[in-house]
Amino acid sequence: MINKTIQEKVFANQRIKEEEALELFHTKDIHTLGRLANHVRRRWNGDKAYYIVNKHINYSNVCIDSCKFCAFSRKIGKEGGFTYSIEAMVQKAQEGADAGAIEIHIVGGLHPRLPYEYYLDLLKTLKQRFPHIVLKCFTAVEISHLAKRSRQSIDAVLRDLKEAGLDFLPGGGAEMFSEQVRDVICPRKLYVDEWVDVHKAAHRLGIPTNATMLYGHIETAEDIIDHLHHIRTLQDESGGVVTFIPLKFQPENTPLGGTLSTGLTDLRVHAISRIYLDNIPHLKAYWTMLGVKCAQTLLLFGADDFDGTVINEKIVHMAGAKSPKILTVSTIRRIIEETGLTPVERDTFFHPVQREAPLPAAIA
Ligand code: V47
Ligand code: SF4
């Protein structure tokens with residue numbers, strides 16, 4: 001049974017404290033937890049459940065870092081490493097455009113040699129060729145890497161990227177902010193203050209961002225609440241976070257290894273994120289990592305966004321995810337409709353999309 005005070009607070013749209021969120025973590029009363037999360041979800045999004053026609057492109061998996069949870073990265077010159085030329089990226093973006101994508105999500109490794117101009121030219125070329133497509137590119141870690149490599153401030157890098165065509169920052173690189181966890185799973189990665197600084201700088205420049213949390217490895221419930229606390233504080237201060245995305249750790253082929261989190265853990269993490277992050281409009285059930293069935297259920301436990309068609313994601317699939325490489329729009333709509341919610345096609349900024357022409361058959 002969940003403490004009445006917590007229930008009353010959530011139903012009265014009041015903020016819960018960290019110790020209350022922690023209490024929710026230990027409850028066996030999953031149905032009430034779901035009702036609370038659903039209340040917050042409905043306050044923000046009514047009965048709408050969103051999806052987007054998008055494409056993921058990874059420009060390179062060459063990376064100077066060696067995060068223990070990563071199956072994607074390769075050291076420069078090693079087998080399995082790839083880096084796409086700008087022409088190859090344009091070709092991949094064209095495949096997305098041909099499939100009706102209105103967002104391209106681009107992230108990659110921390111490449112030791114790719115020149116700063118590559119990133120600017122990439123954005124400029126894609127924006128010129130596909131002016132109607134939103135470019136959601138580069139995690140805070142990549143931005144920090146570019147600042148170091150080009151010996152400029154975060155702010156200067158973001159300004160250059162924005163001028164070149166950057167519209168939105170994805171939420172990656174946050175992993176788990178707790179130092180004890182970070183020291184084990186990604187000891188060389190930037191710490192919480194720097195991750196937050198990149199997002200604040202982006203918000204100041206009018207670039208909205210997402211925020212993520214990698215869970216299901218060595219973290220405790222306290223680590224999760226600590227992570228959520230940093231995200232809620234960031235949002236109180238700068239207000240530019242659009243969607244929070246819990247990322248379920250995929251252990252296969254990674255040095256960290258381990259087993260997948262259970263369905264109930266996935267449910268708790270999403271529901272508690274929705275309840276605690278009362279200042280972030282959207283919560284994503286990222287089906288690529290959760291699996292389609294679990295992501296569907298989470299639409300009734302706090303999530304309002306089903307992400308999208310995704311089209312050929314690599315990071316998760318190289319770590320053993322068994323989810324499909326793509327979902328068609330009719331499949332996504334059927335999945336949402338079965339929950340009793342209303343499917344709404346959105347753009348990156350959550351504006352509803354009215355299509356003038358039908359989508360190509362392969363994606364429809
Ligand atoms: O930061 C890497 C994660 C992130 C694994 O903003 C893994 O809409 C699970 O930023 N198991 C990058 N996760 C991806 C990212 C993202 C993804 C989806 C949506 C959005 C968005 C952003 O991928 C990394 C890391 O946390 N990751 N390896 C793995 N084995
Ligand atoms: Fe590199 Fe990102 Fe993989 Fe870490 S998660 S090793 S930074 S590609």
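A pocket is an open set of grid points with protein on both sides within 12 Å along at least five of seven lines, and its lining residues have an atom within 4 Å of a point. The views below show a predicted model.

**View 1. The second largest pocket and its lining.** This pocket has a volume of about 150 Å³. Its lining holds 14 residues, and those nearest the centre of the pocket are Gln250, Leu260, Gly320, Ala321 and Lys322. Helix α12 (residues 287–290) gives the most to this lining, with three residues. By class, six of the lining residues are nonpolar, five polar and three charged.

**View 2. The largest pocket.** The volume here is about 180 Å³. Lining residues are Ile64, Asp65, Leu110, Val141, Ser144, His145, Lys148, Arg188, Lys189 and Leu190. Four of them are nonpolar, two polar and four charged.

**View 3. The largest cavity, one of three of 30 Å³ or more found in the whole structure.** About 760 Å³ of space lies in this cavity. Its lining has 42 residues, of which Val107, Gly173, Glu175, Leu247 and Ile315 lie nearest the centre. Two or more lining residues come from each of β2 (54–58), β3 (103–107), α6 (140–150), β5 (209–215) and β6 (241–248). The lining divides into 19 nonpolar, 14 polar and nine charged residues. The space taken by ligand 2 is this largest cavity.

**View 4. The shell of residues around ligand 2.** Five residues of the shell are nonpolar, two polar and two charged.

**View 5. The open three-stranded sheet β8-β1-β9.** Pairing in this sheet is parallel. The edges are held by β8 (305–308) and β9 (342–345), each of which has a single partner strand, so one side of each is left without a neighbour in the sheet. From one strand to the next the twist averages 25°.

**View 6. The pairing of β1 with β9.** Strand β1 (residues 48–52) runs parallel to β9 and is joined to β9 by four bridges. Within this pair, Tyr50 stands opposite Val344 in β9.

Terms used:
Residues numbered from 1 in each chain as written. Chains lettered and ligands numbered in written order. Predicted model: local features only at pLDDT ≥ 70, side-chain atom pairs only at ≥ 80, totals over all residues. Heavy atoms only, no water. Near = heavy atom within 4 Å. 1 Å grid on protein atoms, 1.4 Å probe; cavity = no way out; pocket = protein on both sides within 12 Å on 5 of 7 lines; lining within 4 Å. Sits in = over half its atoms within 2 Å of the grid points. Nonpolar A, V, L, I, M, F, W, Y, C, P; charged D, E, K, R; others polar. Points joined across faces, edges and corners; volume = space filled by probe spheres on them. Pairing = 2+ DSSP bridges. Axes fitted to C-alpha atoms, helices over the stretch in contact; angles between N-to-C directions.
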